[in-house]
Amino acid sequence: MKNKLWKQKWAAIFAMMFILSLMYIKTFSPEALEMVEKKTKTNQRCAMCTVPLAGHENTRFSIVTKRKKKIITCCARCGLFMLHKLKGRYERAQIRDWPSNKDIDAKTAFYVTGGGNIPCCVPSTISFAKRLEAEAFQKKYGGQIYTFDQTLQNIEKIIKKY
Ligand SMILES: [Zn+2]
Ligand SMILES: [Zn+2]
C-alpha cells in the first residue's frame, strides 16, 4: 500500500515536471500580459495550458486583471500558476466550489492537491469553500489540503527549481 502511494507520488511529480517544462515559467512582462488578455477574449481555451474549456466548467478558475480583463483557466492548477505569473496584477480570482459548483473567492478556498480524483491537470488541485468538505474529499481520494497561500507557495517552489 505504502509502496503504491510512493509510485503514485513519483508519477505525479514526473507528470508535473513534464508539464512545467512545456510552459513558459517566467513572470509575464507587461507586453506578454497584454497578449494573454487579448488571446483569452473569447475564453474558449485555458489561458495557461490551452485545453478547450468546454467540459471543465466544474473546475474553472477565473481571474479579473487590473485592466478589468477576464482570464479563464481550466482548473486551479493552471489558475494559480497564472496568478504567480501575474505577480499581483489582478483584482480578484474565483474558483469553483467542487461540491456546489458555484464560484467562490479563490483566496479563501481550500485546495486538495495530488489526490486520486483527477478531473483536469496533474497533480489535481480541487477547491472547496469549506474545510470539512475538503477533508471528506481527502478521505476518499487522498492528497494534501492547502490554503490559497500554501498552494501558491508550492507552485512558486516548483518554479524556482528551474
Ligand atoms: Zn489549463
Ligand atoms: Zn487544468
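The model is a predicted one, in which local features need pLDDT of at least 70, side-chain atom pairs count only at pLDDT 80 or more, and totals for chains, interfaces and linings use all residues. Residues are numbered from 1 along each chain as its sequence is written, while chains are lettered from A and ligands numbered from 1 in the order in which they are written. The protein has 5 helices and 7 strands; helices (H or I, at least four residues) and strands (E, at least two) are DSSP runs, numbered from the N terminus.

**The overall plan**

- Of the 162 residues, 32% are buried. A residue is called buried if 20 or more other C-beta atoms lie within 10 Å of its own, exposed if 12 or fewer, and partly exposed in between, with C-beta atoms placed from the backbone.
- Among contacts with a separation of 6 or more, 59% link residues 24 or more positions apart. A contact here means that the C-beta atoms of two residues, placed from the backbone, lie within 7 Å.

**The sheet of four strands**

- Strands of a sheet pair through backbone hydrogen bonds, either parallel or antiparallel.
- Here an open sheet of 4 strands runs in the order E2-E1-E3-E4, with antiparallel pairing. Two strands count as paired if DSSP finds at least two bridges between them.
- Its edge strands, each pairing on one side only, are E2 and strand E4 (103-105).
- On average, neighbouring strands of this sheet are turned by 25° against each other, direction ignored. For such angles, axes are lines fitted to C-alpha atoms (for helices, over the stretch in contact), and values run from 0 to 180 degrees between N-to-C directions.
- E1 and E3 are joined in the antiparallel sense over 5 bridges.
- Helix H3 packs on this sheet, where it touches E1, E2 and E3, and its direction makes about 20° with that of E1.

**Helix H3, tucked inside**

- How many of the 11 residues of helix H3 (residues 76-86) are buried? The count is 9, so this helix is largely enclosed by the rest of the structure.
- The buried residues of H3 include Cys78, Leu80, Phe81 and Met82.
- Just after H3, Lys87 takes a positive phi of about 45°.

**The sheet of three strands**

- A second open sheet has 3 strands in the order E6-E5-E7, paired antiparallel.
- Strand E6 (125-128) and strand E7 (144-147) are its edges, each pairing on one side only.
- From one strand to the next, the twist averages 30°.
- Strand E5 (residues 110-113) pairs with E6 over 4 bridges; Tyr111 has Ser127 as its bridge partner, and Phe110 stands opposite Phe128.
- In a regular strand the side chains alternate between the two faces of the sheet.
- E6 is covered on both faces, with Thr125 and Ser127 buried on one side and Ile126 and Phe128 buried on the other.
- Helix H4 (residues 131-141) lies across E5, E6 and E7, running at about 10° to E5.

**The nonpolar core**

- In soluble globular proteins, nonpolar side chains tend to be buried together.
- The largest nonpolar core holds 32 residues, of which Phe61, Cys75, Cys78, Met82, Ala109 and Phe128 touch the most other members. Such a core is a set of buried Ala, Val, Leu, Ile, Met, Phe, Trp, Tyr and Cys residues joined through C-beta atoms within 7 Å.
- H3 gives the most to this core, with 6 residues.
- Leaving aside residues up to four places away in sequence, Phe128 touches residues including Trp98, Pro99, Ala109, Phe110 and Phe137.

**Loops to look at**

- His56 sits in the loop between helix H2 (30-39) and E1. Is His56 buried or exposed? It counts as buried because it has 20 C-beta neighbours inside 10 Å.
- His56 touches Cys74, Cys75 and Cys120, not counting residues up to four places away in sequence. His56 and Cys120 are 64 residues apart in sequence and 7.4 Å apart in space, C-alpha to C-alpha.
- Thr50, also in the loop between H2 and E1, has a positive phi near 65° without being a glycine.
- Lys68, in the loop between E1 and E2, has a positive phi of about 65° although it is not a glycine. Lys68 is exposed, with 8 other C-beta atoms within 10 Å.
- In the loop between E5 and E6 you will find Pro123, which is joined to Val122 by a cis peptide bond with omega of about -10°.
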